[in-house]
Amino acid sequence: MSTSGSLCPAIKAADMIGDRWVLLILREFLLGATRYKNFQRALPRISPTVLSNRLKQMEAN
């Protein structure tokens with residue numbers, strides 16, 4: 001994610017969903033995943049470290 005420092009919500013959202021895993025995580029969230037284990041099962045190719053980092057970044061944003 002870039003740190004453009006922009007206050008524009010559209011630019012911030014575009015920066016946030018720019019990562020390929022974020023869209024897949026969002027899809028699973030919208031389909032009902034609420035626990036870390038749910039995301040791991042739904043996205044078996046993502047490493048636990050990457051999943052954890054993306055979830056933390058999304059929560060912070």
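Student: How do the axes of helix α2 and helix α4 cross?

Tutor: Two packed helices are described by the angle between their axes and the distance between the axes. In this predicted model, the axes of α2 (residues 20-30) and α4 (residues 48-60) come within 10 Å and cross at roughly 75°. Axes are lines fitted to C-alpha atoms, for helices over the stretch in contact, with angles from 0 to 180 degrees between N-to-C directions. Helices are DSSP runs of H or I with at least four residues, strands are E runs of at least two, and numbering starts at the N terminus. Because 65 to 115 degrees counts as roughly perpendicular, α2 and α4 are roughly perpendicular to each other.

Student: Which residues of α2 and α4 meet?

Tutor: Contact means heavy atoms within 4.5 Å. From α2, Trp 21, Val 22, Ile 25 and Leu 26 meet Val 50, Leu 51, Arg 54, Leu 55 and Met 58 of α4. These residues divide into eight nonpolar, no polar and one charged. Ala, Val, Leu, Ile, Met, Phe, Trp, Tyr, Cys and Pro count as nonpolar, Asp, Glu, Lys and Arg as charged, and the others, Gly among them, as polar.

Student: What is the secondary structure of the protein?

Tutor: The protein has four helices and zero strands, in the pattern α-α-α-α along the sequence.

Student: How many residues of the protein are buried, as a percentage?

Tutor: Buried means under 20% relative accessible area with a 1.4 Å probe, protein chains only. Buried residues make up 20% of the 61 residues.

Student: Which conventions apply?

Tutor: Residues are numbered from 1 along each chain as its sequence is written, and side-chain values use heavy atoms, leaving out hydrogens and water. Local features need pLDDT of at least 70, side-chain atom pairs count only at pLDDT 80 or more, and totals for chains, interfaces and linings use all residues.

Note on methods: Angles under 35 degrees count as roughly parallel, over 145 as roughly antiparallel, 65 to 115 as roughly perpendicular and the rest as oblique. Buried means under 20% relative accessible area, exposed over 50%, partly exposed in between (1.4 Å probe, protein chains only).
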